Amino acid sequence: MNKHTKYCSAINLDSSETVAYNNPLFPAYVGYGILSCYPDYSAISHWHADLEFILVKKGNMTYNINGELIELSENNGIMVNSRQIHHGFSADHNECEFICAVLSPELLQGNEWFYHNYIEHITENASFPYLYLAHDSWQAAILEKIDKLYDTFGKGDDSAPADEQSYFELIKAFCSIMKILYKHLPPAQRAMKRESSEIISLKNMITYVEEHFTEHITLEDISSAGACCKSRCSMLFKKYLRDTPISYITKLRLRKSLAALLESDSRITDIAYEYGFGGASYYCEAFRKYYGISPLKYKKKQLEA
């Protein structure tokens, strides 16, 4: 189990998340997550080309996918399709332990005809943003494969699996999962649907924030990046992220600052300016607001854990 504090991941040019794979040369991550390792019991909204599978082992949490909230309980889970804006959290700070498998469609791109006819209709289809995985339905077969993947590929630490044959097992399991999805996906949903203009606009605005979070950013700056007015900008953040643009920026800056806070001897003032805050007092005020504790007390608590 990985009990380390989770920071922000690296970001690609399109602001999609760069997934920290078990083996950097093999695009798959399988690991065990503990929600309390995330500041404020919440990941930050992100997206990636990979498919994400969650199996809740203990407790419960909420998943936000394109603004829709899905409650996940023990032994159930969810599949998040490619490039969907999502994050998991617990508003009440309830603990949740879960298996997370992030699998790249690249693993199944060996044959262009096969990929186009049997995989792409799922992974590139905006009409199929997610699938709730219930343990008492046909989705149970997917949950069982995710559970087994953790035993064969991701168990232990986050390093590459010791057994080289587990790479074969992962590709086999991924192919089986896609076969199950293809079999049960209603024919009407196989018709390709393009990403909505709202999602495209929001992603452009999030990308701008990612690229300029250390600078002074105004609501007008963000809305311009999304080619929309300020009121529409606020509406899109509220609709899909359930947050305001300014609050999103603050949370992102705080999350980005955690590595410097926990892994260096930098002064609070230096961290505050480096990560886009106007000064130490503003940084500390925002930190207490979102994490319920001062930066120094948070650091002490994490180092003692």
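This briefing walks through helix packing, salt bridges, cysteines and backbone details in the structure above. The model is predicted, so please note that local features need pLDDT of at least 70 and side-chain atom pairs count only at pLDDT 80 or more, while totals for chains, interfaces and linings use all residues. Residues are numbered from 1 along each chain as its sequence is written, and side-chain values use heavy atoms, with hydrogens and water left out. A search of the whole structure finds seven salt bridges, and the count of disulfides is zero.

**Helix packing: α4 and α6**

- Two packed helices are described by the angle between their axes and the distance between the axes.
- Helix α4 spans residues 197–212 and helix α6 spans residues 230–241; helices here are DSSP runs (H or I, at least four residues), strands are DSSP runs too (E, at least two), and both are numbered from the N terminus.
- The axes of α4 and α6 come within 10 Å and cross at roughly 100°, where axes are lines fitted to C-alpha atoms, for helices over the stretch in contact, and angles run from 0 to 180 degrees between N-to-C directions.
- The two helices, α4 and α6, are therefore roughly perpendicular to each other (65 to 115 degrees; under 35 counts as roughly parallel, over 145 as roughly antiparallel and the rest as oblique).
- On the α4 side, the contact (heavy atoms within 4.5 Å) is made by Glu198, Ile199, Ser201, Leu202, Met205 and Ile206.
- On the α6 side, the contact is made by Arg232, Cys233, Met235, Leu236, Phe237, Lys239, Tyr240 and Leu241.
- By class, the contact of α4 with α6 has ten nonpolar, one polar and three charged residues; Ala, Val, Leu, Ile, Met, Phe, Trp, Tyr, Cys and Pro count as nonpolar, Asp, Glu, Lys and Arg as charged, and the others, Gly among them, as polar.

**Helix packing: α1 and α3**

- Helix α1 packs against helix α3 (residues 166–184) at an angle of about 80°, with their axes 10 Å apart.
- That angle makes α1 roughly perpendicular to α3.
- Asn117, Tyr118, Ile119, Ile122 and Thr123 of α1 meet Met178, Leu181 and Tyr182 of α3 in this contact.
- The contact of α1 with α3 has six nonpolar, two polar and no charged residues.
- Glu120 is also in helix α1 (residues 112–123), and Glu120 is partly exposed, with a relative accessible area of 24% (buried means under 20% relative accessible area, exposed over 50%, partly exposed in between, with a 1.4 Å probe and protein chains only).
- Glu120 and Leu108 are twelve residues apart in sequence and 10.0 Å apart in space, C-alpha to C-alpha.

**Salt bridges**

- Side chains of opposite charge can pair when their charged atoms come close; a salt bridge here is a side-chain nitrogen of Lys or Arg within 4 Å of a carboxyl oxygen of Asp or Glu.
- Lys57 and Asp147 meet in a salt bridge, with an N to O distance of 3.2 Å.
- This pair links distant parts of the chain, with Lys57 in strand β2 (residues 51–59) and Asp147 in helix α2 (residues 140–154), 90 residues apart.
- Lys57 counts as partly exposed at 27% relative accessibility, and Asp147 counts as partly exposed at 26%.
- Glu198 forms a salt bridge with Lys239, the closest N and O atoms being 2.8 Å apart.
- Glu198 lies in helix α4 and Lys239 in helix α6, so the pair ties together parts that are 41 residues apart in sequence.
- Glu198 is buried, with a relative accessible area of 16%, whereas Lys239 is partly exposed at 42%.
- Glu198, Arg232 and Lys239 are linked in a network of salt bridges.
- Arg267 forms a salt bridge with Asp270, with the closest N and O atoms 3.2 Å apart; Arg267 is exposed at 54% and Asp270 partly exposed at 37%.

**Cysteines**

- The disulfide count comes to zero, where a disulfide is a pair of cysteine sulfur atoms within 2.5 Å.
- Cys228 is in no disulfide, and the nearest cysteine sulfur, that of Cys233, is 5.3 Å away.
- Cys228 is buried, with a relative accessible area of 15%, and Cys284 is buried at 17%.

**Positive phi values**

- Tyr41, a residue other than glycine, has a positive phi near 55°; Tyr41 is in the loop between β1 (28–34) and β2 and is partly exposed at 22%.
- Ala227 has a positive phi of about 55° although it is not a glycine; Ala227 is in the loop between α5 (219–225) and α6 and is exposed at 74%.
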